[in-house]
Number of protein chains: 2
Amino acid sequence: MEQRHYRIAVLGGTGAQGSGLALRLAAAGHELTIGSRDAVRAGATAAQLGTRAGKAIAGSDNRAAADAAEIVILTVPYAVQRATVEHVLDQLRGKILVDSTVPLLPPKVGTVQLPEGRSAVAAIQELAGNDVRVVSAFQNVSAQHLVELEHPIDCDVLVCGNDRTACDVAIGLCADMGMRGLYAGTIANSAAAEALTSVLITVNRRYKVAGAGIRITGLPNS
Amino acid sequence: MEQRHYRIAVLGGTGAQGSGLALRLAAAGHELTIGSRDAVRAGATAAQLGTRAGKAIAGSDNRAAADAAEIVILTVPYAVQRATVEHVLDQLRGKILVDSTVPLLPPKVGTVQLPEGRSAVAAIQELAGNDVRVVSAFQNVSAQHLVELEHPIDCDVLVCGNDRTACDVAIGLCADMGMRGLYAGTIANSAAAEALTSVLITVNRRYKVAGAGIRITGLPNS
């Protein structure tokens, strides 16, 4: 399959996970914009990441970043997930929104606490309506590993969404970043990836490791 | 650590998953009883499995099986999980109940559908009260692989429970069966393992494989 380069915005891209995804996607040739509530901070992070990626990265406020993109990746804390999506909703119409949100409720981040609707990302699909194709991905990938460009990532990405074409696009982005993305079902199944994050946090603590991940076994190349 | 042999009942042990667990546990030296609503059927399955395990396995109705055991493993369909536990509740007092239940709601078994309480196994801990130590395990292990005694199982077992000693006992049973059990948090975290089963069913369908499983990466021996 021919590799396509997309215009991608990473909202909350000044955080560790967003920065890691932006870094790897830019290094793979995509056109990246870091989005943040603070455009100045977005610009500073973008400049740093661009130097590391060997490719210029833009920075702007979340709405302008979303507006300029074909694909929007959301990497903000759960507490501001909904507000951030509402803020950029008009800019998301007709696009793919890749949401990596995990409903962690500090301080008990090692305990699964799914919201009433069961999946934080599925709730966003309901909020955004059908002209935004929401894909869930990246919940289980260690931010620490993402930001180290030379670090191979020993983790599969569970990709969930109601639109299979949008899921395939996200799976392609995973491959561009050196990860295996797997179709894991409709958006409701995001609950599994979201819940797993608390399990991985628990595993990190219990077994004194950093950045536990998951692999799906039983597939031809695993 | 010295290997201890336990008296173990597998309720719903005439099914594929229960039979597989009983077979492997008996082969590892434990004293097994197959429990079923139908004592005659339990006896027939027990006789067959005992021959394969090279060690006699008993069979009886669920209540008698639970009564005779130190550890009770529950492998019944979600639809009868609660009724089965209520039926044997008096026989569970003071014991470890290892519950492998997944809240699958046919026909959409590839879609995560966690119950209101979020975890089907956590609901059983609430039902049973604190003198039954409920441990969640085995949701993600392919029954097909379990029943083939010579088949190495390429799947980790997420072990959740509020009692760490009980979790360690279950992790020991995993090792006896040739699997790696990992402490994955308190009983609420069973939601992750339960949700993952629908993801694995989806992966099996999407990628045309049988018996996809999971591995936790980033640990010393993984």
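## How the two chains meet

In this predicted model, the interface residues of chain B are, to 100%, also interface residues in chain A, so the copies meet through the same surface. A rotation of 180 degrees, with 0.0 Å of shift along its axis, superposes chain B on chain A with an RMSD of 0.0 Å, and the two copies are thus related as by a two-fold rotation axis.

Counted by residues, 40 of chain B are in contact with 41 of chain A. The size of an interface is often given as the accessible area lost when the parts come together. Between chain B and chain A the area buried is about 3100 Å², and carbon and sulfur atoms give 61% of that area. On the side of chain B, the residues that lose the most area to chain A are B:Arg118, B:Tyr207 and B:Thr217, which together make up 18% of what that side buries.

## Polar and charged links across the interface

Between chain B and chain A there are 15 residue pairs in polar contact, with both residues of a pair at pLDDT 80 or more, and the count of salt bridges between these two chains is two. In one salt bridge, the side chain of A:Glu116 meets that of B:Arg118, with 2.8 Å from N to O; B:Arg118 is also among the residues of chain B that lose the most area to chain A.

## Elements that build the contact surface

Which elements give two or more residues to the side of chain B that touches chain A? They are the helices α7 (164-176) and α8 (190-206) together with the strands β8 (180-185) and β9 (213-217), all of chain B. Of these, α8(B) gives the most, with 10 residues. When the residues on this side of chain B are divided by kind, 23 are nonpolar, 11 are polar and six are charged.

Strand β9 takes part in a pairing that crosses from one chain to the other: five bridges join β9 of chain A (residues 213-217) to β9(B), and the two strands run antiparallel. Within this pairing, A:Gly213 stands opposite B:Thr217 in β9(B), and B:Thr217 is again one of the residues of chain B that lose the most area to chain A.

## A salt bridge within chain A

Over all chains, the count comes to 20 salt bridges. One of them lies within chain A, where A:Lys55 forms a salt bridge with A:Glu31 and the closest N and O atoms are 3.0 Å apart. This pair links distant parts of the chain, since A:Lys55 is in the loop between α2 (39-53) and β3 (58-61) of chain A, while A:Glu31 is in strand β2 (residues 31-36) of chain A, 24 residues apart.

## Backbone details in the loops

The peptide bond from A:Pro106 to A:Pro107 is cis, with omega near 10 degrees, and A:Pro107 lies in the loop between β5 (96-99) and α5 (120-128) of chain A. In chain B, the peptide bond from B:Pro106 to B:Pro107 is cis, with omega near 5 degrees, and B:Pro107 is placed in the loop between β5 (96-99) and α5 (120-128) of chain B.

Another loop of chain A, between β6 (133-136) and α6 (143-147), holds A:Phe138, whose phi is near 75 degrees, a positive value in a residue other than glycine.

Terms used: Residues numbered from 1 in each chain as written. Chains lettered and ligands numbered in written order. Predicted model: local features only at pLDDT ≥ 70, side-chain atom pairs only at ≥ 80, totals over all residues. Heavy atoms only, no water. Contact = heavy atoms within 4.5 Å. Buried area = accessible area lost by both parts, 1.4 Å probe. Salt bridge = Lys/Arg side-chain N within 4 Å of Asp/Glu carboxyl O. Polar contact = N/O pair within 3.5 Å; in protein donor to acceptor, adjacent residues only side chain to side chain. Helix = DSSP H or I, 4+ residues; strand = E, 2+ residues; numbered from the N terminus. Nonpolar A, V, L, I, M, F, W, Y, C, P; charged D, E, K, R; others polar. Pairing = 2+ DSSP bridges. Least-squares fit on C-alpha atoms with pLDDT ≥ 70 in both.
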